[in-house]
Amino acid sequence: MQTFTVTTRERNEMVEITDEVRGAVGASGVREGICVVYCPHTTGAITVNENADPDVVHDLMLWYNRIVPKQQAGFRHGEGNSDSHIKTTLVGPSMTLIVADGQPVLGRWQGVFFCEFDGPRRRTVHVQVVGG
Amino acid sequence: MQTFTVTTRERNEMVEITDEVRGAVGASGVREGICVVYCPHTTGAITVNENADPDVVHDLMLWYNRIVPKQQAGFRHGEGNSDSHIKTTLVGPSMTLIVADGQPVLGRWQGVFFCEFDGPRRRTVHVQVVGG
Amino acid sequence: MQTFTVTTRERNEMVEITDEVRGAVGASGVREGICVVYCPHTTGAITVNENADPDVVHDLMLWYNRIVPKQQAGFRHGEGNSDSHIKTTLVGPSMTLIVADGQPVLGRWQGVFFCEFDGPRRRTVHVQVVGG
């Protein structure tokens, strides 16, 4: 298992981590297999989406912030960040990629992103690669 | 592959299964690898979120129940549980964890949960561990 | 890694790919392990849900189309398909299945689906199987 850190600057933010994931796959020496990118925090998540036009990330976060308001009638959690926990389960803290020819297989427009839902913070991401 | 059962008591409920997952990883003998926790039902899912304050789970379910109402104009499915199927695809029936030092890698506040969306029922969860 | 294509006919559509996934697992020769079904597009996703009653898929898509409207105040992405990208991250582009006895482990009512969120198009799906 390899680990790297991500420093976020906003409460809600997507930070591209494609280079870090590529580096971890390369360092593993695995040529054909599977790669798991995992967020050990309960208010952060991992996704894969377009990394060409930053407006895609803008619109994604706009929608998530609208659909999961910070304050909501009936919320009980005393820390006031239930919205962050909800977004984490909506996006998911784990992303499994395919490894082929020693590289993570990503489409032409795909990048891997750490999703911050309760920043700014210093976050940890784990990568595990299995195969041969 | 290992299998265990979960008995749910509510229509919508999150049941922590961290101990069962730890047990399955331990029994596999794998020290470094990957663990897949899989729900073979179409109205149940698996997630990872905070297990310290039960109010987090309360607020998660409150939001999911609000955003996916049981009755909705245009629904056709005769069993009347389309909301359960929608929640299942939103959360996802499969969760991949990293295994290191013979244990699933979980953050300080993370627990693994079976999400019941059409209970109460007796449910099955499968765990597969690969690695060496 | 194996690859197959899916031809979609609607802008939003779920196409069952269970047979293709079974074929890929069979061709891999792996008896016990894990299978990753991966969508390399940023406006498509993979899920597992009921394949018996097509009304379930109808209701799923109805809800997703309602909850993520195509036009929304504040959207910036010039291609006008931010809704497609949002749905992709909601459902997720990667699905990990368990392989046992040389077959993907699926519940009685489960099928694997490619989710088209910006069709119609010709799409690619990758499958990677690891294990022994």
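Author: Contact means heavy atoms within 4.5 Å, and in this predicted model that cut-off draws 32 residues from chain A and 32 residues from chain B into the contact between them.

Reader: How do you know how much area is buried between chain A and chain B, and what share do carbon and sulfur atoms give?

Author: Buried area is the accessible area that two parts lose on being put together, summed over both, and for chain A and chain B this comes to about 2600 Å², with 61% given by carbon and sulfur atoms. On the side of chain A, the residues A:Tyr38, A:Arg76 and A:Thr89 supply 23% of what chain A buries against chain B, more than any other three residues.

Reader: How many salt bridges are there between chain A and chain B?

Author: A salt bridge needs a side-chain nitrogen of Lys or Arg within 4 Å of a carboxyl oxygen of Asp or Glu, and between chain A and chain B the count of such pairs is zero. Polar contacts are a separate matter, for which N or O atoms must lie within 3.5 Å, and here the count is 18 residue pairs, both residues being at pLDDT 80 or more.

Reader: Which element gives the most to the side of chain A that touches chain B?

Author: That element is α3(A), with six residues. By class, this side of chain A holds 16 nonpolar, 14 polar and two charged residues.

Reader: Why are chain A and chain B said to be related as by a three-fold rotation axis?

Author: A rotation of 120° superposes chain A on chain B with 0.0 Å of shift along its axis and an RMSD of 0.0 Å, and the two copies are therefore related as by a three-fold rotation axis. In chain A, the C-alpha nearest the axis belongs to A:Leu90, at 3.6 Å from it. The copies use different surfaces, since 16% of the contact residues of chain A recur in chain B.

Reader: What makes up the contact between chain C and chain B?

Author: Here 32 residues of chain C are in contact with 31 residues of chain B. Among the residues of chain C, the trio C:Asp59, C:Trp63 and C:Ile98 supplies 24% of the area that chain C buries against chain B, more than any other three residues.

Technical notes
Residues numbered from 1 in each chain as written. Chains lettered and ligands numbered in written order. Predicted model: local features only at pLDDT ≥ 70, side-chain atom pairs only at ≥ 80, totals over all residues. Heavy atoms only, no water. Buried area = accessible area lost by both parts, 1.4 Å probe. Least-squares fit on C-alpha atoms with pLDDT ≥ 70 in both. Polar contact = N/O pair within 3.5 Å; in protein donor to acceptor, adjacent residues only side chain to side chain. Helix = DSSP H or I, 4+ residues; strand = E, 2+ residues; numbered from the N terminus. Nonpolar A, V, L, I, M, F, W, Y, C, P; charged D, E, K, R; others polar.
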